[in-house]
Amino acid sequence: MSNPQQLRYSKEHEWLSATEDGVAVVGITEHAANALGDVVFAQLPEVGDTVTAGESCGELESTKSVSDLYAPVTGEIVAANQDVVEDPSLVNSAPFEGGWLFKVRITGEPDDLLSADEYTAFTAG
Amino acid sequence: MSTAPRLTALDAAHRALGATMTDFAGWDMPLRYASERDEHNAVRTKAGLFDLSHMGEITVTGPAAADFLNFALVGNIGSVGLGRARYTMIVAADGGILDDLIVYRLGETEYMVVANASNAQVVLDVLSDRVAQFDAEVRDDRDAYALLAVQGPESSGILKSLTDADLDGLKYYAGLPGTVAGVPALIARTGYTGEDGFELFVSPGDAEKLWSALMEAGTPVGMVPAGLSCRDTLRLEAGMPLYGHELTAALTPFDAGLGRVVKFEKTSQSDSFVGRAALAAAAERAEAAPPRKLVGLIAEGRRVPRAGFSVVADGKVIGEVTSGAPSPTLGKPIAIAYVDAAHAEPGTRGVGVDIRGTHEPYEVVALPFYKRQK
């Protein structure tokens, strides 16, 4: 499993793209998607919602369990991926691409986001 | 107290395939190899290969073996023909279900009782206790067998390429000794998936050889290795009960809607069996005032009901989900639930499941959700 170098990562297994105009794309990592198993339902935050770093902002339901989706940063939701709502298996098949979850306009960042190498080491441990 | 999980004879094969492993009743078992949905669909349309070596085999032999099993279990084991198998249960004196079992009659006076992994020790202890007054012997054979299952519409073709045994003559719920891929096996036409399929009881030392031969024969026709996760969704679609979910020690077979497995008339000289009085009373109660009934629920939305979630109607709790999962075959979440008899009729309106505070609408249906075309 390789974690793209250009992304940053949270210890809750979200990835976060580099920002353009302060807006970042957020998804869950391949490691997290594999651990969940087949994702069958995604409840995403809605456009206009304010999310807070480290707090639950949705749910991902897999065959066996339901998991909270956490916001890796604080900010306002500017897009939610309707393709994933329609076809949650995108989270498994393309976690770093078509399976992205939402876009957030960042107003605050925690100081413990990880680099790709740090995240790889974190999940290996 | 912590003990290392037990490994099956196929542990190395699972790891070589990159399986996600899980602890199940003290065993380290494959949960899934890649996608559990793909494994589920393969079993429905082609075939799947399962390692079920965690199941508990107990051999019962002796002149009074049939009489003993008639006394110890709720079924009429004395009427099981040679080479046939029967689904039955073992209950406590109060009628509470201790486990559901399959009993194979292997010889004139030899039976194999197959218990669920989580209950195998209880079943062994209870049988050992109940055998005292009979001319029969109860033997712990859990370590004597590995169990492989090939399930799905292609399973008969796959197996035929590896054995001379008369599979066409082998009926559902029957077993015969044979040789598969050069390995001596008890070949049984049983399973837990709702599909045609076979369960192969072999010596653990032969398990890897048989697994490899089955993979080689099955892969070209679409067979895949299949884990416990898809086994659960397959049995759920087929409406089959699982101990600890639909069946518990707090329920009698009548409370579980499976009173038909209880035979008050036995082929033995005596019709007495453990739990008889309590079960007779439970049968009367079920007749007079039906308790909660086991029904199927199909979601209108996409949220998945889980075991323990409340079933609701008109803002009141009318039952409880015992098993729930997204159904790959139906493409919707499904559940098995105990609900009050007043709401149990298929098509009953206004039934929902409380999913983390939201009442999601569900359709009440008869079980099973899925029945294979024959």
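Guide: Residues 292-371 of chain B have their end C-alpha atoms 24 Å apart, and the span is 0% helix and 55% strand. The stretch is one that UniProt lists, in an unreviewed entry, as "domain: Aminomethyltransferase C-terminal". What is described here is a predicted model. The mean pLDDT of chain B is 96, with 99% of its residues at 70 or more, and the model scores ipTM 0.78 and pTM 0.92.

Two backbone details belong to this part. D314(B) sits in the loop between strand 16 (310-313) and strand 17 (316-327) of chain B. Its phi is near 50 degrees, a positive value in a residue other than glycine. D314(B) counts as exposed because its relative accessible area is 70%, and the cut-off for exposed is over 50%. Further along, the peptide bond from L367(B) to P368(B) is cis, with omega near 0 degrees; P368(B) is placed in the segment after strand 20 (358-365) of chain B. Most residues other than glycine have a negative phi, and most peptide bonds are trans.

A positive phi also occurs at A181(B), near 55 degrees. A181(B) lies in the loop between strand 11 (175-180) and strand 12 of chain B. At 18% relative accessibility, A181(B) is buried, since the cut-off is under 20%.

V180(B) has contacts with L159(B), L162(B), T163(B), A185(B), I187(B), L200(B) and L210(B), leaving aside residues up to four places away in sequence. V180(B) is also one of the residues that touch the most other members of the largest nonpolar core, which has 31 residues; L159(B), I187(B), L200(B), L210(B), W211(B) and L214(B) are the others. Elements giving two or more residues to this core are strand 4, strand 10, helix 5 (155-160), strand 12 (183-188), strand 13 (197-202) and helix 6 (207-218) of chain B. Helix 6 of chain B gives the most, with 6 residues. Apart from this core lies another, of 29 residues, including A65(B), L101(B), V131(B) and V274(B). In soluble globular proteins, nonpolar side chains tend to be buried together.

Strand 13 of chain B also holds E199(B), which UniProt lists under "binding site" in an unreviewed entry. E199(B) is buried, with a relative accessible area of 8%. Among the residues that E199(B) touches are L52(B), Y104(B), L147(B), I187(B) and G191(B).

Helix 2 (residues 36-45) of chain B has E36(B), E39(B), H40(B), A42(B), V43(B) and R44(B) as its buried residues. Their cover includes strand 3 (27-32), strand 4 (47-51), strand 10 (146-151), strand 14 (223-225) and helix 7 (228-237) of chain B.

Strand 1 and strand 3 of chain B pair in the parallel sense over 2 bridges, and L7(B) stands opposite D28(B) in strand 3.

Contact with chain A brings the view back to the opening part. K64(A) touches S229(B), D232(B) and R306(B), residues up to four places away in sequence not being counted. K64(A) is in the loop between strand 6 (56-62) and strand 7 (66-70) of chain A and is partly exposed, with a relative accessible area of 41%. UniProt, in an unreviewed entry, lists K64(A) for "modified residue: N6-lipoyllysine".

Technical notes
Residues are numbered from 1 along each chain as its sequence is written. Chains are lettered from A and ligands numbered from 1 in the order in which they are written. This is a predicted model: local features need pLDDT of at least 70, side-chain atom pairs count only at pLDDT 80 or more; totals for chains, interfaces and linings use all residues. Side-chain values use heavy atoms; hydrogens and water are left out. pLDDT is the predictor's confidence in each residue, from 0 to 100. Buried means under 20% relative accessible area, exposed over 50%, partly exposed in between (1.4 Å probe, protein chains only). Helices (H or I, at least four residues) and strands (E, at least two) are DSSP runs, numbered from the N terminus. Contact means heavy atoms within 4.5 Å. A nonpolar core is a set of buried Ala, Val, Leu, Ile, Met, Phe, Trp, Tyr and Cys residues joined through side-chain atoms within 4.5 Å. UniProt positions are given in the numbering used here, feature names are shortened, and annotations may be inferred rather than shown by experiment. Two strands pair if DSSP finds at least two bridges between them.
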